[in-house]
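Good morning, everyone, and thank you for making time. I would like to walk through one structure with you, going from the whole chain down to a few side chains.

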Amino acid sequence: MTELENSKGARSQRMPREARRRQLLQAAHQVFVAHGYHGASMDEIAEVALVSKPVLYQHFPGKRELYLALLDSHLADFSKKLEEAISSTTDNRQRVFATINTYYSYIKGESQAYRLIFESDVLSDQLIAGRIERFNNKLAASIARVVVQDTDMSEAEGLLAGRALAGLSQVSARYWASTGDAVDQETAVDLISRLAWRGISQFPKEN
């Protein structure tokens, strides 16, 4: 049973603020995934969360603020997984594999969250676009730190390489997810990571 299912029949039950916030974000996730940002309403989110609209508005003053909070939560979770992959080993070839595999695993296991992040119907909103750009910049900077340490690339060159590798992971993973089981995940990740590694390994650090 989900947290929302457990809360059925307890619309007026008092709940710790953080627990209530998680409940509201879970409900918002369901509604935004089902209808998109423009098709979602605060009325439906309150109904799914089994709370009154005043309770919903106590936590989030509007639909945009609620969407931004949900986006922040998903981006923080995804960013943490990627950082863990990057720091999981000192073997750079394995690091490339782990990072790309994390992208593929996230799209496969958290496809709804991924669609909310990268396939939203409000990506033109400046605040939303800004958050996604910061996520991409943070990932590129994490990759760049490793690339610069182990090559003769400058910081600017490393950042460019970081954005390219992040883009390779994202675009290939999105395409892979759309093809079903045409290529299994391990084979797909091995293919893309070898492609990426062969590019990076052409820039060894000169002693």
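Let me begin with the surface: the protein exposes about 11,600 Å², and carbon and sulfur atoms supply 51% of that area, where accessible areas come from the Shrake-Rupley method with a 1.4 Å probe and, for residues, only the protein chains shown count as cover. Please keep in mind that this is a predicted model, in which local features need pLDDT of at least 70 and side-chain atom pairs count only at pLDDT 80 or more, while totals for chains, interfaces and linings use all residues. Residues are numbered from 1 along each chain as its sequence is written, and side-chain values use heavy atoms, with hydrogens and water left out.

Of the 207 residues, 43% count as buried, meaning under 20% relative accessible area, with exposed being over 50% and partly exposed in between, again for a 1.4 Å probe and protein chains only. The protein has ten helices and zero strands, both taken as DSSP runs numbered from the N terminus (helices are H or I, at least four residues; strands are E, at least two). Among contacts with a separation of 6 or more, 66% join residues 24 or more positions apart, a contact being heavy atoms within 4.5 Å.

Buried residues in α2 include Leu24, Phe32 and Tyr37.

Turning to a helix pair, α6 (residues 92–109) and α9 pack at an angle of about 35 degrees with their axes 9 Å apart, where axes are lines fitted to C-alpha atoms, for helices over the stretch in contact, and angles run from 0 to 180 degrees between N-to-C directions. Among the residues that meet there are Ile100 and Tyr103 in α6, and Gln170 and Trp176 in α9.

Gln170 is buried, at 12% relative accessible area, and, leaving aside neighbours within four places in sequence, Gln170 is in contact with Tyr103, Tyr114, Phe118 and Asn136. Finally, Ser193, in helix α10 (residues 185–200), is buried at 6% relative accessibility and touches Val96, Phe97 and Ile100, not counting residues up to four places away in sequence.
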